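Let's take a friendly walk through this model, from the overall build of one chain to a few individual residues. Keep the structure open beside the text as you read.

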Amino acid sequence: MFEPLITAIMFLFSDGLNFFYLILGVSVGILFGIIPGLGGVTAIALLLPLTFGMSPEQALILMGGVMGAVSAGGAVTAILLNTPGTAPNAATCFDGYPLTQQGKAGLAIGAAASASAIGGTFGLFILVLVLPIAKTIVLWFGPPAFFMLALLGLTSLTVSSGNMLRGLIAGCLGLFVGFVGYDEIGGTARYTGGSDYLWNGLSIVPVLIGLFAIAEMISLFVKGGTITTQGSQSSIRFSDTIQGVKATLKNYKIVMCGSGIGALIGAIPGVGGVVASFMSYSFASQITKDNENFGKGDIRGVIASESANNAKDGGGLIPTLAFGVPGSAEMAVFLGVLILHGLNPGPLLLIEREYTIFVLILTLLGATILSAVFICIAAFYLVRIAYIDSSILIPSVISVSLVGAYAVNNTLGDVFTAAFFGLLGYLMIRFDYPRITLIIALVLCSLMERNYTQSMIMFQGDWTGFFRDNTAVVLLLCSVVALSIPAFQSIRKKKGYG
Amino acid sequence: MRQWLLAAGVMILSAGCSESNEGQFPRENISIIIPYGPGGGFDTTVRVFAPYFAAQLGDQVNVLPQNMPGTGGRRGTASVFRADPDGYTLGILNMPGLVLPSILGETVDYDLRQMSWIGRIESQDFVLLVQADSDIHSIEDLQAQDRITFVSIGYGATVLAAIQIIAEQLGLMNRDPIFLTGYEGTTDQLVALVRGDGNATLSPVSTALQYIESGNLRPIAVTGENRSSVLADVPTFVELGYPDLSQLNVQRLLAGPPGLDSAIMALLRDAFLRAIDDPEFKSAAATAQMDVAPLDGELAAVEVDANFNFYEKFKSNLANPN
């Protein structure tokens, strides 16, 4: 194991161009992460032709740079505009944006960037540890286990919504939206009204742009003024960002938990980072003491979400490298890059190209840390967004987001989807329904339905089959525990008062 | 400011000049529509092929891959079908993936038999697979199984249709096999088989190769007229007495909209044949593990018709099994 590692390090330092590609990748990644709608998928697809003349390792450095930086960039938008730059940053909005409103955007960005860096490093560490047994882990998850995992994801939603009834309504709405489109097992198109646009179902990015970016801008328009009224541009201090970094270091337990959850969930193909960061957030908000401030601007919320968010990338590489099964849309495009350069992901890649994999791992490590440093430096300027008058901010954000929505699939329909969900999102803000619940239900819907049907086909209609699958049983127990935590807490509180 | 105006004027004039140069196809960039998202097999095919195709079309033009995913490839295909037949919009088309919807009774906004076929780039044969530690070693063993569960991609996919035709031809349907569909891609299927979700599946040879070499899966038989060069000791269905099954494969063909001008068509077909024969393209294709199987435009059109007839013949076997 050490020999290929050393060869990989030697390779990285052998050519200055390698560092240029890394920095280029990181810069593009941060930029695409910050702009809502543009994300890792678009960045990798756009950079792909550039890699034609490169060696496979150099191509990996460029793409690794992008992948390691995108989610850190997305956190900035989540904090400043309450709009996740990429889907997995959604949970960062909960506490990041209230902090911005309180004039503490620098603190939040510092914490998010440093939590990303530590989480990302931790995720890669786990990747290196489990690579030898990656195959076994992937094989644990069959249809019954995936179904239980989706169930666990939905369970953690209802637990963490402030108002359970409204949380459930938003969740059901998400499930309903998720049912739209072609059902591959049943072979029928559902709720498409005959339209080709709805055949594939609604993509997550335009829905996300509508629910967050556009809804937030409508809400700001109604309110008027600037995002924060605390302090002014001249009161921005670089030391705020440093305070954020310190806050992350102080809450190392949350960082560790978040990274662990992120790496674990990331390793499971199809679930994606949205669930990872959200689970980490809800876990942190339940187990920490003095948790009344979660959702109102507790820095620990930002730390929990962002540490999981970056750790998931390390985990996400496990199924991608071991089996060529992409864990997310981003990984699917990345897989294309690997194949184009003759690195056929699958059981043999891990054995035959160990050195190449270490180049990728080291690149991701470099990208994670480099992006955190870049963002901390840029935070000083970025924070000014909170003081820009809404008459300038709103048109800029809306036009950029709509272009982003269009760019995902080059479809005009996605622009209308974003606009529709923008209005819905505003109504949800106005009447206090949780938007993230809708998004997560939407993400989990097809996973849950497909794997339930597949399980039932496998068991030939006998539902007790779920209890014969070990992984499924463990996940079901986790759901039971997650559901009973609030009940236990309220019993304990009553006893305390009584 | 004046300099800018001057420069702009020169540009407009020069554009006008090239405009008057009629008949010199191609004068602008050519796009190849990929009806699927970035990162997949069709995407890779076009991205590898495009630069060599462009080189044969002259120094002035680029060939630009353009992803247009949606509706299982039908959206992109329909937009190639409707494009102006000027040779500047082409598409990489999936056969039989795009033949199947109309066979299965869906309405589609294109007619493959009217397309202007430029040529075939790839053709992949299928291999029937079981788990490496399974007690199934041959077709006969499979036919003797009490419980056969095929893992497959969802309804409408080529792989499922091919599995259904194989099951019918091998006489497995009276054993009431289970079709465990809904997997998202070929690799997902293979992993599902390794895990034991079912006990047999079908996959393009090149995708399955790694899993066979790593000792996870065992090949039983391959489609195609001849044995696969990489799986030389695996019998073909033809050898085993099932000649119809030789026609099961996945092909990637380059096409333009119907009614393409014959001069432009000849030019494109010519450039296609030269590009596909370029040794540099061949080595790039080998790196990307493509199954290059060139066919000129006329033969490609014949192949399309043969495909329609083949799947039409087995239409009654292709209803959704779930």
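Chain B contains eleven helices and ten strands, where helices (H or I, at least four residues) and strands (E, at least two) are DSSP runs numbered from the N terminus. Everything here comes from a predicted model, in which local features need pLDDT of at least 70, side-chain atom pairs count only at pLDDT 80 or more, and totals for chains, interfaces and linings use all residues. Residues are numbered from 1 along each chain as its sequence is written, chains are lettered from A and ligands numbered from 1 in the order in which they are written, and side-chain values use heavy atoms, with hydrogens and water left out.

**Chain B as a whole**

The C-alpha trace of chain B spans about 85 × 40 × 35 Å along its principal axes. Of its 322 residues, 56% count as buried; buried means under 20% relative accessible area, exposed over 50%, and partly exposed in between (1.4 Å probe, protein chains only). The accessible surface of chain B comes to about 13,300 Å², and 49% of that belongs to carbon and sulfur atoms. These areas come from the Shrake-Rupley method with a 1.4 Å probe, and for residues only the protein chains shown count as cover. If we take the contacts in chain B between residues at least 6 apart in sequence, 78% join residues at least 24 apart, a contact being heavy atoms within 4.5 Å.

**Strand β4 and its partners**

Strand β4 of chain B (residues 116-131) is mostly covered, with 15 of its 16 residues buried. Which strands does β4(B) pair with in the antiparallel sense? The table lists four of them, using the rule that two strands pair if DSSP finds at least two bridges between them.

| Partner of β4(B) | Bridges and sense | Example of facing residues |
|---|---|---|
| β7(B), residues 201-204 | four bridges, antiparallel | B:Val127 and B:Ser203 |
| β8(B), residues 217-222 | five bridges, antiparallel | B:Leu129 and B:Pro219 |
| β9(B), residues 249-256 | eight bridges, antiparallel | B:Asp125 and B:Asn249 |
| β10(B), residues 292-296 | three bridges, antiparallel | B:Glu122 and B:Val292 |

B:Arg269 has its place in helix α9 of chain B (residues 262-277). Is B:Arg269 buried or exposed? At 19% relative accessibility, B:Arg269 counts as buried. Leaving aside residues up to four places away in sequence, B:Arg269 touches B:Trp117, B:Ile118, B:Gly297 and B:Glu298.

**The first helix of chain A**

Over in chain A, helix α1 (residues 2-14) has 13 residues and reaches 18 Å from its first C-alpha to its last, close to the 18 Å expected at 1.5 Å a residue. That expected span is 1.5 Å times one less than the number of residues. Its buried residues are A:Pro4, A:Ala8, A:Phe11 and A:Leu12. Seen down the axis of α1(A), they fall within an arc of 100 degrees, so they line one face of the helix; the arc is that of the directions from the helix axis to the C-beta atoms. An α-helix has 3.6 residues a turn, so residues three or four places apart point the same way.

What do the buried residues of α1(A) pack against? They pack against α2 (16-34), α4 (56-81) and α17 (354-382) of chain A. The face turned away from this buried side carries the exposed residues A:Phe2, A:Glu3, A:Ile6, A:Met10, A:Phe13 and A:Ser14.

A:Thr83 lies in the loop between α4 and α5 (93-101) of chain A. With a relative accessible area of 1%, A:Thr83 is buried. A:Thr83 and A:Phe212 are 129 residues apart along the chain, and their C-alpha atoms are separated by 5.0 Å. Not counting residues up to four places away in sequence, A:Thr83 touches A:Pro36, A:Thr77, A:Ala78, A:Cys93, A:Phe212, A:Ala213 and A:Glu216.

How many disulfides are there over all chains? The count comes to zero, a disulfide being a pair of cysteine sulfur atoms within 2.5 Å. For A:Cys93, the nearest cysteine sulfur is that of A:Cys376, 19 Å away. A:Cys93 counts as buried at 3% relative accessibility. For A:Cys478, the nearest cysteine sulfur is that of A:Cys257, 14 Å away. A:Cys478 counts as partly exposed at 34% relative accessibility.
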